[in-house]
Structures are given as structure tokens and as C-alpha cells.
Amino acid sequence: MTLLGQTLAVAGKDLRVEVRGRYALGAVLPFAATLLIAFGLSLGPGRTLLQQTAPGLLWLAVLFASVLAFRQTYQSEAEDGAMEGLLLAPIDKASVFLGKAAAVALELLVMEALVVPAVMAMFDLSLGDAPLVLAGAFVLGTIGLAAVGSLFGVLAESPRAREAVFPLLVFPLATPVLVAGVKAIELASTGRGGQAGSWLGLLVAFDLVVLGVGTLVFGQLLED
Amino acid sequence: MTSAERAMAALTARRGERILAALAIASLAASAILSLVVSPPGAEQGNLIRRMYVHVPAAWVAYLAFAVVFAASIAYLATRKTRWDRLAAASAEIGVLFTALTIVLGSIWAKPVWGTWWTWDPRLTTTAILLLIYVGYLAVRRLPDNPARRGRWAAVVGIVGFVDVPIVHLSVRWWRSLHQAPARLLGVPDVSPMMGAALGIGFLAFTVAYVYLMAVRLRVGRLEDRAMAEALSPRVGQPVEALMEEPARG
């Protein structure tokens with residue numbers, strides 16, 4: 001089995017768990033919606049302010065929601081010795097990293113697709129005339145976020161894990177995703193999608209670096 | 001033992017430590033005299049320019065310390081020798097200290113010169129994120145319950161964190177450049193040769209202080225590991241020295 005096949009097998013397993021348990025859909029998505037309503041309430045009903053802050057708030061909601069998604073994907077491995085099974089499986093350890101990143105990226109993308117129309121309605125966010133830039137920003141940003149989360153999600157499942165350590169690691173490391181993702185969507189929604197190229201390039205670079213380094217070092221996190 | 005290891009052992013012995021302490025105190029004193037008395041006041045900033053002589057060297061030591069964490073983390077994963085993990089841990093602690101110091105000293109300098117404690121300048125923002133990444137590194141070190149796992153986890157964070165910094169900096173720089181950058185941030189402070197000398201001695205003094213703090217922290221780290229190894233040695237039937245270099249797995 002190639003690395004790609006192994007990755008798809010791990011991702012498929014995680015997605016199957018999600019389809020049967022519906023954790024992301026049942027808990028993570030409502031959480032993101034709650035956050036967006038709280039953001040809206042905290043900023044007041046002024047149309048301009050909401051419109052200006054919408055791209056940032058959207059990404060913040062994704063960032064917070066991703067923490068829950070990753071806790072879930074690694075927590076389910078902690079139960080019934082699932083992690084031991086995964087470790088004993090004759091697969092490359094990197095495929096666990098890549099597969100989990102792929103599965104969570106897909107879950108987050110589905111969530112974003114559901115949340116964006118709500119943000120359009122509630123924050124009066126326009127999608128602009130550059131759907132490719134918009135899609136690129138969401139897909140590339142989500143992949144980067146998923147890669148960081150998949151890499152460090154393992155740490156949250158240690159016996160002495162403290163809830164705060166995971167976001168403490170992921171949020172600062174994912175700064176480029178937040179900045180570039182917000183800027184690209186801001187440009188696209190204000191009809192300046194053509195200027196978003198460098199931001200998308202930055203996201204590509206971030207994704208490649210994290211996926212590359214993660215593939216190299218992930219095995220070190222698991223080995224015992 | 002390689003020559004690098006011998007050099008490290010000499011520096012972290014009691015005698016080496018005392019020599020380093022004397023050097024650090026002497027160079028810090030020289031730096032204080034040069035920056036406070038000998039060097040002239042700045043043309044625009046007056047005496048406020050003297051705050052540069054502690055802020056900039058502190059920032060240099062912070063970056064140096066994290067580069068050492070990065071190199072030691074790679075060395076640890078490659079060799080699995082605990083001494084590299086101790087080096088990375090010591091350097092991360094001192095790096096966090098100096099990063100916090102950089103931000104605080106910078107704020108104190110910025111308040112009278114720029115009129116604000118904080119501005120979302122790329123370098124400031126990157127430094128704040130850097131501080132958080134390595135606070136996270138230290139938090140990860142407290143998670144695992146066995147030293148081998150702690151070393152591996154920390155090394156991964158030490159590597160990923162360092163590789164991430166240039167991308168973070170680039171993203172924050174572009175982010176800022178979309179807004180209007182305050183013109184006074186762009187001006188390079190007027191630097192005379194004597195100021196250059198004062199700054200150079202500042203760099204040297206802070207670097208020596210870093211090496212001294214490292215020597216102390218490494219000795220303490222070794223004592224911690226020895227205490228652990230001595231308690232463990234009779235139970236697992238392995239000599240103390242072996243346990244110190246490669247802790248029992250599991």
C-alpha cells in the first residue's frame with residue numbers, strides 16, 4: 001500500500017467515525033454558529049462594522065471550532081486502545097498525520113460551506129466576483145490549519161494533558177493562516193480578488209512547510 | 001567525547017561557570033558604562049536612545065536562544081542523547097526570558113519615542129507570537145510523564161516552531177503594509193561610531209550573559225537527570241551514566 005493509499009484509509013476511517021457519530025455536525029458546527037452570534041452581539045448591529053469584521057470573525061470561528069474537531073478525532077483514538085491498533089497497523093506513521101489532517105480538513109470545509117451563507121446573511125458579507133479566490137482561501141487555509149492541528153493533536157491526549165496546551169500551540173503557529181485567510185477573503189469580498197495572489201501563495205507555502213515537516217517528524221510523536 | 005562535548009563540559013563545570021560569571025559581570029558593567037556615560041545622546045531622541053543598548057541585544061539573545069533550541073532539537077531526534085534535550089530545554093527557558101525582556105524593554109522605549117506602549121509593527125507582532133510559541137514549547141515539556149517522550153515531543157515543537165517563524169513574520173509584514181505604516185517607525189536611529197561601539201559591547205555582554213545562564217541551567221538540568229537516574233538505577237538494573245544519556249523507554 002502506498003503512502004497515499006494508507007492516508008486515504010486513515011482519512012476514510014475518521015470520516016466514517018464522523019458520519020456515524022456526527023460530532024462535527026452536531027457539536028462543532030453549532031459551536032461555530034454560537035461564536036458568530038456572540039461576535040455579532042459584542043460588536044452591535046452597525047452594518048459597516050459587521051461587514052468589515054466579517055472575514056476575521058469567520059476565520060476566528062473556524063480556528064476555535066478546529067480545536068474541538070481535533071480534540072474529538074484524537075479522543076476517539078484514546079478509547080478502547082484504538083491508538084495502539086493504529087500504531088501496530090503496518091502503515092507509515094506519516095499516513096496517520098496526513099489522513100487525520102485530510103479528514104478534519106474535509107469536516108471543517110463542510111462546516112465552512114454551511115457557515116458562510118449564515119455570515120453572508122448576518123454580517124452582510126458579500127462574496128464578491130472572485131469565487132476561485134474565495135474557494136482557494138478557504139481550502140488552502142483549512143489545509144494548513146488541519147495540518148498543524150493533526151500534528152499537535154496527539155499531545156492533547158497525553159495522560160497529563162491540559163486542555164489549554166493544544167490551542168496555545170496551534171493558535172500562534174497558525175498565525176499565517178489567520179492573517180492570509182482573512183486578507184484573501186477581505187480582498188475577494190470587496191471586488192479586489194485579483195490582488196489576493198500573494199496571500200494565496202503564502203497559504204500554499206505554509207501548507208507545504210507544515211505538511212512537509214509534519215510528515216518528517218510525526219513518527220517521533222508516536223514512537224514509545 | 002567530541003570536542004564540542006568537551007567544550008560544553010568545561011563550560012558547565014563549576015570553574016567554567018565562575019569564569020563565565022566574572023566575564024558576564026565585567027562585560028555588562030562595560031556595556032552599562034559605555035551606553036550610559038560614554039556614548040553621546042542621540043540627535044533626535046536625546047538620552048532615550050540609551051534604551052536601545054539593552055533592547056536590541058536582548059532581542060538578539062532571544063533569537064540566538066531559539067536558534068539553539070532548533071539545532072539542539074534536530075540533534076536530539078538524530079542521536080537521542082539526553083544532553084541535546086537538556087540543551088534545548090535550557091535555551092528555550094532563557095529564550096522566553098529574553099523575549100519577554102525584549103518586549104518589555106521595547107515598550108518602555110516606545111512609549112516616549114512613539115507615544116505608545118505597543119504598535120502592530122511586524123517585528124513587534126512577530127516577537128509577541130514568538131514568545132507564545134515558546135511558552136507553548138515549555139508547556140509541552142510539562143505534559144509527558146517520561147523523559148524520552150518529553151524530549152521527542154519538545155523537539156518536534158522546537159523544530160516546527162522555528163521553521164514557522166519566517167512565515168509568521170512574512171504574513172504579519174504583508175498584513176501591516178496594507179495599512180499605512182507610521183513614518184517614524186521606518187527611520188533608522190542616528191548612529192555614531194561611539195554608539196555603534198556601545199551597541200557592539202551590549203551584544204557581547206548579553207551573549208556572554210546568555211552563555212553563563214546556559215551553563216548554570218545545564219548543570220542544574222544534569223543534576224535533575226542524575227537524581228532521577230540514581231533513583232531509577234537499582235530498579236531497572238542499569239548504570240546511572242547510561243540512564244542519564246538514554247532514559248529507559250516506556
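Axes here are lines fitted to C-alpha atoms, for helices over the stretch in contact, and angles run from 0 to 180 degrees between N-to-C directions. Residues are numbered from 1 along each chain as its sequence is written, while chains are lettered from A and ligands numbered from 1 in the order in which they are written. What you're looking at is a predicted model, where local features need pLDDT of at least 70, side-chain atom pairs count only at pLDDT 80 or more, and totals for chains, interfaces and linings use all residues.

Let's start with two helices in chain A. Helices (H or I, at least four residues) and strands (E, at least two) are DSSP runs, numbered from the N terminus. Find helix α3 of chain A, residues 47-78, and helix α8 of chain A, residues 175-189: their axes come within 8 Å and cross at roughly 140 degrees. That makes α3(A) oblique to α8(A), since angles under 35 degrees count as roughly parallel, over 145 as roughly antiparallel, 65 to 115 as roughly perpendicular and the rest as oblique.

So who meets whom? On the α3(A) side there are A:P55, A:G56, A:W59 and A:L63, and they meet A:L178, A:G181, A:V182, A:I185, A:E186 and A:S189 in α8(A). Contact means that the C-beta atoms of two residues, placed from the backbone, lie within 7 Å. Sorted by type, the residues of this contact between α3(A) and α8(A) come out as 6 nonpolar, 3 polar and 1 charged. Here Ala, Val, Leu, Ile, Met, Phe, Trp, Tyr, Cys and Pro count as nonpolar, Asp, Glu, Lys and Arg as charged, and the others, Gly among them, as polar.

Now over to chain B. It has 9 helices and 0 strands, and its C-alpha trace spans about 70 × 45 × 25 Å along its principal axes. Among chain B contacts between residues at least 6 apart in sequence, 76% join residues at least 24 apart.

Finally, see where the two chains touch. Chain B puts 31 residues into the contact and chain A puts in 27 residues. On the chain B side, the elements giving two or more residues are α5 (122-141) and α6 (147-177) of chain B. The largest share of that side, 18 residues, comes from α6(B). By type, the side of chain B that touches chain A holds 22 nonpolar, 4 polar and 5 charged residues.
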